[in-house]
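Student: I've got a structure open and I'm new to it. Could you walk me through what the numbers mean?

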Amino acid sequence: MGSTGKEVDTLLTQGLKTRLKIQQLQPQGKTSAKNQQTSQSPLSTFARNLQDALDQRSSVKSLRCFVPGEFEDPGELALVDFSSNNILSWNETSLLRDEFYAQLASHPKFTVGSGGTRLMDGNYTYLETTENEIAAFHKAETGLIMNSGYEANVAIWGSIPRPGDIMVHDSLVHSSTHEGMARSLSVNKIEFKHGNMDSYKQVLTQILDEFPLVKQGKRSVLVAIESVYSMDGDVCPLKAMIDFADELYTHKNVEFVVDEAHSSGLFGPGGAGLVVALGLEKRCAVRIHTFGKSVGASGAIVLGNEAIRSALINFNPQTIFSTAPSFPMVAGIKAGYNLIMSEKGEKARNDLQHVARLIFSELTSHPNWPLVLEEGLLSVPLAGDDRDPGYNPEYADWWESRPFLTHIVTLRPRPEHLYWLYFHCLDAGYRVWAIEYPIVELNKARVTIRLHANNTDEQVRGVVAAIYDWVDEVRALEQDNQQKGGERGNVKVTKSAKRVYDWMRSEGLDGFGMV
């Protein structure tokens, strides 16, 4: 476990306290304590209605807020990172910063701002050169850099489908895809079950029966998928999906839009992504590679042919009206790609695979692994164990048989134990995330571990040990409860959770699994 050399509280950090406190409902008709410092007047109708909407979110414990960063809180700093998007760990050292400074030094006359939209004064050679280099790396014809992956998905689905086209999507695609589809000229949107080939085949077959212009080859089907799904960490069966579409549609008018946010820089030759790894770059009309994860920067690029790029330039309001990406932003992207394509990048990818295989080995070889599955205390679907209640052969086979493992490990405790496991990991010194509805489906809440290239063997074994310590504690509580005649699951609270709940009670808070 990481350490700052002094005793710090890794559980009740300022960040956690803020997240818990923000859920406290405000008294009817009053402002928050912070706002009361500046105003004692009653809320206006506008402000009251807005506060009512926020209170509704508080009532279900899903109000979001910003919290201090880890370098502002000693407790956060002491936590081992199993949560951030710093997947290849470029921002843990000076590697990326040094490469970024080198880009700035090689262009000493750069400007901090871009000066306008790309259709006016904001376009410049360094930006276009970087786009072309990234496109070539991913074996695409062209690329267009955008300010975020979210903006890229909205732009694609709001600009590219034509009236009469059919938009098909996996049920777990990102919310930005849904927002883009809502802006599309196409009004036909059909969902298939997540990663389920039977559901996908049924949808594509149904479209041929219900949409004559598609069957005649006069309109297209656009399929939205992700190479690696961020909430579950599973890999899309891309080749099987393309093979079926090509077999069924004689006009070859099924096109694929692949969001590679969680495979970019991590898989494929040189980190070029899943599509290139499978040799399917010519069968995927559009790809999105984001820069906020393995690249270590910000922004995204949309890859496709010249028609795709031109459509985004002409039909996408963000491209038309937004200020162009600045030189420092593009220099950060360029610096990240230079590392990804270097020997350092290859080493980081190998290190990440080692860490991923180690955590699954430690989880599944533990003596209590069979008990965890049998008693339903924890589901780890990506382990691929057919004894797991969450096992799905289409979702993931046994982990050792897969050619590569993703950096996302999903732990699904019983719903009532979600925050107990989360608090326990924090208390043990490991920063993870608890995720629940509405971000994920009802009854599929989970604690998510995100692995990083620089995570050590000791850290991996440590977080697994912490998980099994929690399992032992919950089992002991349940056994004690059963001996006293209580119902299964109606147990006393774990030690870490008790610390949090005691503090919450002192603050007049509730929720988060409190008993």
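Tutor: Let's go from the whole chain down to single residues.

Tutor: Keep in mind that this is a predicted model, where local features need pLDDT of at least 70, side-chain atom pairs count only at pLDDT 80 or more, and totals for chains, interfaces and linings use all residues. Residues are numbered from 1 along each chain as its sequence is written, and side-chain values use heavy atoms, with hydrogens and water left out.

Student: How many helices and strands does the chain have?

Tutor: There are 20 helices and 13 strands, taken as DSSP runs numbered from the N terminus: helices are H or I with at least four residues, strands are E with at least two.

Student: Why is Ser89 called buried?

Tutor: Buried means under 20% relative accessible area, exposed over 50%, and partly exposed in between (1.4 Å probe, protein chains only). Ser89 has 7% relative accessibility, so it counts as buried. Ser89 sits in the loop between strand S1 (80–81) and helix H5 (95–105), and its phi is near 65 degrees, a positive value in a residue other than glycine.

Student: And why is Asn443 called exposed?

Tutor: Its relative accessibility is 68%, so Asn443 counts as exposed. Asn443 is in the loop between S12 and S13, and it too isn't a glycine, yet has a positive phi of about 65 degrees.

Student: Where is Pro438?

Tutor: Pro438 is in the loop between strand S12 (433–435) and strand S13 (446–450). A cis peptide bond joins Tyr437 and Pro438, with omega at about 15 degrees.

Student: What is the mean pLDDT of the chain?

Tutor: The mean is 89, and 91% of the residues reach 70 or more; pLDDT is the predictor's confidence in each residue, from 0 to 100. Over residues 1–6, though, pLDDT is below 50, and beyond near neighbours in sequence this stretch has 9 contacts in the model (heavy atoms within 4.5 Å). Residues 26–38 are also below 50, with 12 such contacts. Where pLDDT is low, the predicted coordinates should not be read in detail.
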